[in-house]
Amino acid sequence: MCGGSAPGTGTPTGMVTFKDSGATIGTGTLINGQATYSTSALSAANHPITAVYGGDNNFTGSTSSAVNQDVRNPAPAITLI
C-alpha cells in the first residue's frame, strides 16, 4: 500500500507571499496550515493586502481576496520638560 496522501488531504505546506496592491511585501512559512507576516514598513494609507499560496504536492495554489488594511499616522510624541 502506498504511503502518500490523496490530493487535497492533509495540511498545506510551503510558503505564502503577502502583497500590497500586487507588490510583494513579504513571505511567511505555513505552520499547521497558517502563515503570518508582520511589518511596520507600510506608509499611512489604505493598503489592499492579498495572500498568495503557491501550492504543494497535495494542494493547488490560490490567491485570497484583498483585505484593506488602513494604516494611520501614529500619534505625535510630546515630551514635557
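What percentage of the 81 residues of the chain count as buried?

1. The structure under review is a predicted model. Of its 81 residues, 14% count as buried. The accessible surface of the chain amounts to about 6100 Å², and carbon and sulfur atoms contribute 53% of that surface.

2. The secondary structure consists of five strands and zero helices. Read from the N terminus, the order of elements is β-β-β-β-β.

3. A hairpin is formed by β1 and β2, with two residues between them. Strand β1 covers residues 15-20 and strand β2 covers residues 23-29. Their pairing is antiparallel and extends over six bridges. Within this pairing, Lys-19 stands opposite Thr-24 in β2. In the turn, Ser-21 has a positive phi of about 55°.

4. Contacts along the chain also deserve attention. Among those with a separation of 6 or more, 42% are accounted for by residues 24 or more positions apart.

5. The structure contains one salt bridge. In general terms, side chains of opposite charge can pair when their charged atoms come close. Here the partners are Arg-72 and Asp-70, whose side chains meet at 3.0 Å, N to O.

6. How accessible are the two partners, and which terms apply to Arg-72 and Asp-70? Arg-72 has a relative accessible area of 67% and is therefore exposed, the cut-off being over 50%. Asp-70, at 40% relative accessibility, counts as partly exposed, because this value lies between the 20% limit for buried residues and the 50% limit for exposed ones.

Key:
Residues are numbered from 1 along each chain as its sequence is written. This is a predicted model: local features need pLDDT of at least 70, side-chain atom pairs count only at pLDDT 80 or more; totals for chains, interfaces and linings use all residues. Side-chain values use heavy atoms; hydrogens and water are left out. A salt bridge is a side-chain nitrogen of Lys or Arg within 4 Å of a carboxyl oxygen of Asp or Glu. Buried means under 20% relative accessible area, exposed over 50%, partly exposed in between (1.4 Å probe, protein chains only). Two strands pair if DSSP finds at least two bridges between them. Helices (H or I, at least four residues) and strands (E, at least two) are DSSP runs, numbered from the N terminus. Contact means heavy atoms within 4.5 Å. Accessible areas come from the Shrake-Rupley method with a 1.4 Å probe; for residues, only the protein chains shown count as cover.
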